[in-house]
Amino acid sequence: MLGFLMRKDVRKILKRKDSDAGEKGRALEEVRASLFSKLRAFGGGKRQQTTLWGPTVALTFNFFVSVSIILMNKLVLVTVGFNYPIFLSFLHYVCSWLIMAILNALSILSLSTPSKSTKYSSLLSLGIVMSLSTGLANVSLKYNSVGFYQMAKIAVTPAIVLAEFVLFRKKISFLKVNVSYC
C-alpha cells in the first residue's frame with residue numbers, strides 16, 4: 001500500500017488541482033477536502049472557540065486506545081505465548097511509522113522540522129530512551145499483572161517529582177500545578 005502511494009504518478013495525482021487532475025485525482029481530492037472540512041468543523045474551524053469537545057474526545061480516544069493496546073499486548077505476551085516483548089514494541093513502532101507515512105502521503109498529517117536550536121543528537125537520544133521505555137514496559141507487562149503495570153505507570157510522575165526534590169532540591173509551586181490542570 002505504501003509503495004503504491006509513494007509512486008510518482010500517484011503523488012502527482014494527489015498534488016494536482018481539480019482542474020487538471022483525472023477522475024481518480026478529483027475523487028481523492030474530494031475525500032481529502034471532506035475529511036479536512038470535518039476535522040476543521042469538529043475542532044472549531046478558523047475561529048477559535050472555547051469548547052471542551054475536541055480535547056475531551058481526543059483524551060477519551062487516547063484512553064481507550066491505550067487500554068486496548070495494553071490488554072492486547074498482555075494477551076499476546078501471556079495467553080498466546082509470544083516471548084519477545086521488545087520485538088513486539090518494534091512491531092508497534094513499525095506500524096506507527098507506516099500509518100504516519102500514509103497520513104503524510106495523503107497530506108492529512110504534515111511533517112514538522114525541529115527548531116534550529118534543537119540538536120539532532122538530543123532528539124536521537126530522546127528517541128532511544130523512549131523506545132527502550134516502551135520495550136521495557138512490555139517486558140514488565142509480560143511478567144506482571146495489568147493492574148500492577150498500570151499502577152507502576154501512574155507512579156512514575158510522582159516518583160520523578162520526589163527524586164527531583166530529594167536530589168536537586170527542586171520545588172514546584174502550587175500555582176504551576178493548578179494552572180497545568182485547568
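## Surface and burial

Accessible areas here come from the Shrake-Rupley method with a 1.4 Å probe, and for residues only the protein chains shown count as cover. On that basis, the protein's accessible surface is about 14,900 Å², and 69% of that belongs to carbon and sulfur atoms. Buried residues (under 20% relative accessible area, against over 50% for exposed and in between for partly exposed, with a 1.4 Å probe and protein chains only) make up 13% of the 182 residues.

A word on where this comes from: the model is predicted, so local features need pLDDT of at least 70 and side-chain atom pairs count only at pLDDT 80 or more, while totals for chains, interfaces and linings use all residues. Residues are numbered from 1 along each chain as its sequence is written, and side-chain values use heavy atoms, with hydrogens and water left out.

## Overall build

## Aromatic rings

The structure holds four aromatic pairs. Rings of Phe, Tyr and Trp (its six-membered ring) pair if their centres lie within 6.5 Å; planes under 30 degrees apart are stacked, over 60 edge-to-face, and the rest tilted. F63 and F64 have ring centres 5.4 Å apart and planes at 70 degrees, so they pair edge-to-face. Both F63 and F64 are exposed.

F82 and F87 make a tilted pair, because their centres are 6.4 Å apart and their planes sit at 40 degrees. F82 is partly exposed at 24% relative accessibility, and F87 is partly exposed too, at 42%. Ring pairs link F82, Y84, F87 and F90 into a cluster.

There's also a charge over a ring (NZ of Lys or CZ of Arg within 6 Å of the ring centre and within 35 degrees of the ring normal): K142 lies over the face of Y143, 5.7 Å from the ring centre.

G135 sits in helix α6 (residues 120–143). Is G135 buried or exposed? It's buried, with a relative accessible area of 3%. Leaving aside residues up to four places away in sequence, G135 touches I86 and S89.

A152, K153 and I154 of α7 meet V156, T157 and P158 of α8.

## Two loop residues with positive phi

Most residues other than glycine have a negative phi. S107, in the loop between α5 (85–105) and α6, has a positive phi near 60 degrees, and at 39% relative accessibility S107 is partly exposed. R169, in the loop between α8 and α9 (174–181), also has a positive phi, near 55 degrees. R169 is exposed, with a relative accessible area of 61%.

Technical notes: Contact means heavy atoms within 4.5 Å. Helices (H or I, at least four residues) and strands (E, at least two) are DSSP runs, numbered from the N terminus.
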